[in-house]
Amino acid sequence: TKIYKVGAEWCGPCRQLKQELKDFDLVPIIEVDADEDEAFCEKYNIKNIPVLLLCDDEDKVLYRQVGFILKKCLIEKITKINENI
C-alpha cells in the first residue's frame with residue numbers, strides 16, 4: 001500500500017496537510033502536483049485538493065480523503081482498512 005498526496009504549492013490546506021504528515025511513516029507517501037500531472041487527476045477524478053488516495057499495489061483506491069485530515073485519524077483509517085483486507 002501507498003498514499004498519493006495530491007496538491008499544489010499555492011494551496012493553503014495542501015501546505016497544512018504536508019506539515020501534518022511530515023513525520024508520517026506508516027506507508028510511503030508519493031507527492032503528486034495537481035498542476036503538473038493532469039493525467040493523474042483525470043484518472044482518479046480529482047476535482048478538489050488536497051486529496052489523499054490510499055492505494056494497493058495495483059493502484060486500486062482503498063480509501064479517498066478530500067481535504068485536511070489529522071495524522072492520528074489517517075492512521076486509524078489505514079489500520080482499520082488493513083484489518084479488513
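1. One disulfide turns up in a search of the whole structure, a disulfide being a pair of cysteine sulfur atoms within 2.5 Å. The structure is a predicted model, in which local features need pLDDT of at least 70 and side-chain atom pairs count only at pLDDT 80 or more, while totals for chains, interfaces and linings use all residues. Residues are numbered from 1 along each chain as its sequence is written, and side-chain values use heavy atoms, with hydrogens and water left out.

2. The disulfide links Cys11 and Cys14, with an S to S distance of 2.5 Å. The link is right-handed, with 75 degrees about the S-S bond. Cys11 and Cys14 are both buried (buried means under 20% relative accessible area, exposed over 50%, partly exposed in between, with a 1.4 Å probe and protein chains only).

3. Cys41 is buried, at 10% relative accessibility. Cys55 is in no disulfide either, the nearest cysteine sulfur being that of Cys41, 13 Å away. Cys55 is also buried, with a relative accessible area of 0%.

4. The largest pocket has a volume of about 200 Å³. On a 1 Å grid over the protein atoms alone, a pocket is an open set of points where a 1.4 Å probe fits, with protein on both sides within 12 Å along at least five of seven lines, and lining residues have an atom within 4 Å of a point. Grid points are joined across faces, edges and corners, and the volume is the space filled by probe spheres set on the points.

5. Which residues line the largest pocket? Among them are Lys5, Glu9, Cys14, Arg15, Asp33 and Pro50. At least two lining residues come from each of β1 (2-7), α1 (12-20) and β2 (29-33); helices (H or I, at least four residues) and strands (E, at least two) are DSSP runs numbered from the N terminus. The lining has five nonpolar residues, one polar and six charged. In this count Ala, Val, Leu, Ile, Met, Phe, Trp, Tyr, Cys and Pro are nonpolar, Asp, Glu, Lys and Arg are charged, and the others, Gly among them, are polar.

6. Pro50 sits in the loop between α2 (38-43) and β3 (51-55), and the peptide bond from Ile49 to Pro50 is cis, with omega near 0 degrees. Asn45 lies in the loop between α2 and β3. Asn45 is not a glycine, yet its phi is positive, near 55 degrees. Its relative accessible area is 48%, so Asn45 counts as partly exposed.

7. Asp59, in the loop between β3 and β4 (61-66), is another residue other than glycine with a positive phi, near 65 degrees. Asp59 is partly exposed, at 23% relative accessibility.

8. The chain has three helices and four strands, in the order β-α-β-α-β-β-α along the sequence. Its radius of gyration is 12 Å, close to the 12 Å given by the globule rule for 85 residues, so the chain is as compact as a globular protein of that length. The radius is taken over C-alpha atoms, and the rule is 2.2 Å times the number of residues to the power 0.38. Of the 85 residues, 39% count as buried.
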